[in-house]
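Subject: Structure handover

Hi,

Here is the structure I promised to pass on. Please open it alongside these notes.

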Amino acid sequence: EEVRSRCESQESRDEVGRDASMRVPSYTLAAVSVAWTTCAVVATASGKFATVVLVSGIVLNGIGLVIYSVPVANAIFWLVNALSGLITPLPFRLMNHVLTTVPANDATKLVDAIDAYCWSGNVCMNVGDVKGKIVDNEIVKKQPRVLAELGAHLGYSTIRFAAIAPSSAKFYSVDPEPMGHACKTALLAHAGLTSKVVSVYDYSHNFFKALADRGERLDFLFIDHMKQLYLSDLLLALSLGILEPGAVIVADNVGMPGAPDYMAFVERDPRFETTAHRTLVEYSESIADIVLVSVFK
């Protein structure tokens, strides 16, 4: 009886709390709307709309969390969260653009649409159309049986390379970033290439170790993730013995933002024959970059 009484008392307090949270004075909601609108107007006038609205959103969300126990704050918190949706991250804007404008099961048009979107000023960290052709040529020439990419970002390179890889090839796409993984999954499905790619939602070193445990080896590796990991991951691959003799390793962005230690290693180590392609950063007509193609002897 005592336990039942306590439960009923707690349920009663919870019900009162829920009722109170629903009785939000209209002037409170109006005040929040006015504050947000003022921020938007000031931001637009100053030419820094996205930054100011984002900062104001963070501040208002923080206030909502701090005073969440107050009945009015519950409604304010959810209102601010809803308004924060006005700022859509670039990856999702790109994904929405592609899904709504490109016909399904057409990888070529999908890749072209992403390139056009990025060239228009919405720059994403893809290998891009210029440097992408360098990698394309190496894949076509090598005709790999097992290939992998470290760093997929939104899935641009995944789709581009899966479309030209041999139909019998096993293609691992490795990236631990959740937003990029979600975009890649959606874009792969739209391109009709899901069955050609093994998406690995994990870190590169874990992938390499799992590959070694299964006794698999790579004959093509595209590196385009964290630049400070280029060399350490290559050394790990060598120590685990997961590179086939004759394997091709292509590394993007070695010039910008740069991976000088990796470049020095593959150019000097006698186990590699390396060619440096001096080109431009993705979606740029002036910023220099380097793509390295190394063959493991």
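This is a predicted model: local features need pLDDT of at least 70, side-chain atom pairs count only at pLDDT 80 or more; totals for chains, interfaces and linings use all residues.

Residues are numbered from 1 along each chain as its sequence is written, and side-chain values use heavy atoms, with hydrogens and water left out.

**Overall**

The protein has 13 helices and seven strands. Both are DSSP runs numbered from the N terminus (helices H or I, at least four residues; strands E, at least two). Of the 297 residues, 44% are buried (under 20% relative accessible area; exposed is over 50%, partly exposed in between; 1.4 Å probe, protein chains only). Take the contacts (heavy atoms within 4.5 Å) between residues at least 6 apart in sequence: 72% of them join residues at least 24 apart.

**The sheet**

Seven strands form an open sheet with mixed pairing, in the order E3-E2-E1-E4-E5-E7-E6. Two strands pair if DSSP finds at least two bridges between them. Strands E3 (197-200) and E6 (272-280) are the edges, each pairing on one side only. From one strand to the next, the twist averages 15 degrees. Axes here are lines fitted to C-alpha atoms, for helices over the stretch in contact, and angles run from 0 to 180 degrees between N-to-C directions.

Helix H8 (residues 156-164) packs on this sheet. H8 touches strands E1 (146-150), E2 (170-174), E3 and E4 (218-223). The direction of H8 makes about 175 degrees with that of E2.

E1 and E2 run parallel, joined by five bridges. Leu-150 has Val-174 in E2 as its bridge partner. By contrast, E5 (residues 243-251) and E7 (residues 288-296) run antiparallel, with four bridges. There, Ala-251 has Leu-292 in E7 as its bridge partner.

How many residues of E1 are buried? Five of five. Val-146, Ala-148 and Leu-150 point one way, and Leu-147 and Glu-149 the other.

**Ala-264**

Ala-264 sits in helix H13 (residues 260-268). Its relative accessible area is 25%, so Ala-264 is partly exposed. Leu-231 is 33 residues away along the chain, and the two C-alpha atoms are separated by 9.6 Å.

**Pockets**

Pockets were found on a 1 Å grid over the protein atoms alone: a pocket is an open set of points with protein on both sides within 12 Å along at least five of seven lines, whereas in a cavity a 1.4 Å probe fits but cannot get out. Lining residues have an atom within 4 Å of a point. Points are joined across faces, edges and corners, and a volume is the space filled by probe spheres set on them.

The largest pocket has a volume of about 490 Å³. It is lined by 27 residues, with Gly-151, Asp-175, Asp-224, His-225 and Met-226 nearest its centre. H8 and helix H10 (204-214) each supply at least two lining residues. The lining has 12 nonpolar, eight polar and seven charged residues. Ala, Val, Leu, Ile, Met, Phe, Trp, Tyr, Cys and Pro count as nonpolar, Asp, Glu, Lys and Arg as charged, and the others, Gly among them, as polar.

The second largest pocket holds about 160 Å³. Its lining includes Asp-112, Lys-133 and Arg-160. Helices H6 (107-119), H7 (128-142) and H8 each give two or more residues. H6 gives the largest share, five. By class, this lining has four nonpolar, one polar and six charged residues.

Best wishes
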